[in-house]
Amino acid sequence: MSNADLIEGIIDMPPQLFYNVKIPCCLWILSKCKKQKGKVLFVDARKLGYMRDRTHRELSCGEENTNHGNDIKLIADAFSDFREGIHQPVNGFSSIVTIKDIADNGFSLSPRVFVGRKDIKINDRAKVDDLINSINKLILLYGKLKTVGINELPFEIISIYSQISTCFEKVHNSIFYLYFVKLLPFKDVELQESFLYPIPAHWKLLTFDEFISSSNEKCGNNVVPEFSVTNRGIVPRSENYSKQLSKDSSKNKLIHNGDLIFGMSREILNWGIMEEETGGVSPAYKVFTVNKNKVNPTYLKCFISNNISYFSDLIKPAAREGQSIDEDFLMSKQIFVPTSQDWALFVDLLNNIFNLFKKGEFKTVQNIVNGMLSSL
């Protein structure tokens, strides 16, 4: 149909429009008398509509509640303007694609492949505040450790170290943002355009199929701890559930340190990087082995965390409550990878901050952080 130029437009509709099924639908507009020859209008309307009740979504028509706008008119106007040759594509909503571009993309007819993501502005102030607050809390916690006596209850000491670990995780993530999103150390280098924002010209651009591979390795006779994947990452299953994953644990998927795992998701993507040596997860999860010679798993974790909106469209439409991800779509996603020297600068900075905290040189840490923030 693509080569015959019969497709005028394709619309991805949101889920829960029908009372008997929750799956979304996709509308194909076909015509033998197209006004725009050799072109197709793709519309991603998956986020349109509002919840009429707990289980049913409706597209607004501008009458029942003006607060919901007019979704139907928005879609209809896009097609009307397209036919007249005056439609201006909207990033995250619509795109006009030639038959040649469709062929170059393996004849994929999924709107989300061509529409792209809606521009999202990252709140710099929130990231900065998170870094400053985490540093200040670490100063208080390390000060508290000095006053801990031998009579302190063990769980109180454990609690302090747990809070320190959480704060360092936030510091790690915030400084990653300053380094690899705001590019603070790379202000004077030559830049290249990427799928997200300009990046240093000497960094590599890779698609996911170049550094990850699907894994279906089973636990078999291996006795390993069980894990669940949530929007907080990979956590021991014992933290949330008392039951085992299944009666036959040998059928669980075996995961290893550095693996990328996606759990069953709804609106929010459940994913994580395995940080323990080995473990077992549900057979329904998607497990990928990461080629560590190409992409550092820690970098991958930070990259996804700081660009989560880019990956939010991976959730695959399905009839069940928990949905898997679209593996083919994941493989087509891109990532930019800094050089080993640039990554080493980041790691050295984090190690320096950690060691300064251990020595109690809090003022030096504050000076380092303030120096970074002054160039924002």
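Biologist: Which side chain meets that of Asp5 in a salt bridge?

Modeller: In this predicted model, local features need pLDDT of at least 70 and side-chain atom pairs count only at pLDDT 80 or more, while totals for chains, interfaces and linings use all residues. Residues are numbered from 1 along each chain as its sequence is written, and side-chain values use heavy atoms, with hydrogens and water left out. A salt bridge is a side-chain nitrogen of Lys or Arg within 4 Å of a carboxyl oxygen of Asp or Glu, and at 2.5 Å, N to O, the partner of Asp5 is Lys34.

Biologist: Is Lys34 buried or exposed?

Modeller: Buried means under 20% relative accessible area, exposed over 50%, and partly exposed in between (1.4 Å probe, protein chains only). Asp5, at 19%, is buried; with a relative accessible area of 4%, Lys34 is likewise buried.

Biologist: Where does Glu84, the partner of Lys35, lie?

Modeller: The side chains of Glu84 and Lys35 meet in a salt bridge at 3.1 Å, N to O. Helices (H or I, at least four residues) and strands (E, at least two) are DSSP runs numbered from the N terminus. Lys35 sits in the loop between strand 2 and strand 3, 49 residues apart from its partner, and Glu84 lies in helix 1 (residues 71-84).

Biologist: How many residues apart in sequence are the parts tied together by Lys286 and Glu327?

Modeller: Their side chains form a salt bridge at 3.4 Å, N to O. Because Lys286 lies in strand 17 (residues 286-290) and Glu327 in helix 8 (residues 327-332), the pair ties together parts whose separation in sequence is 41 residues.
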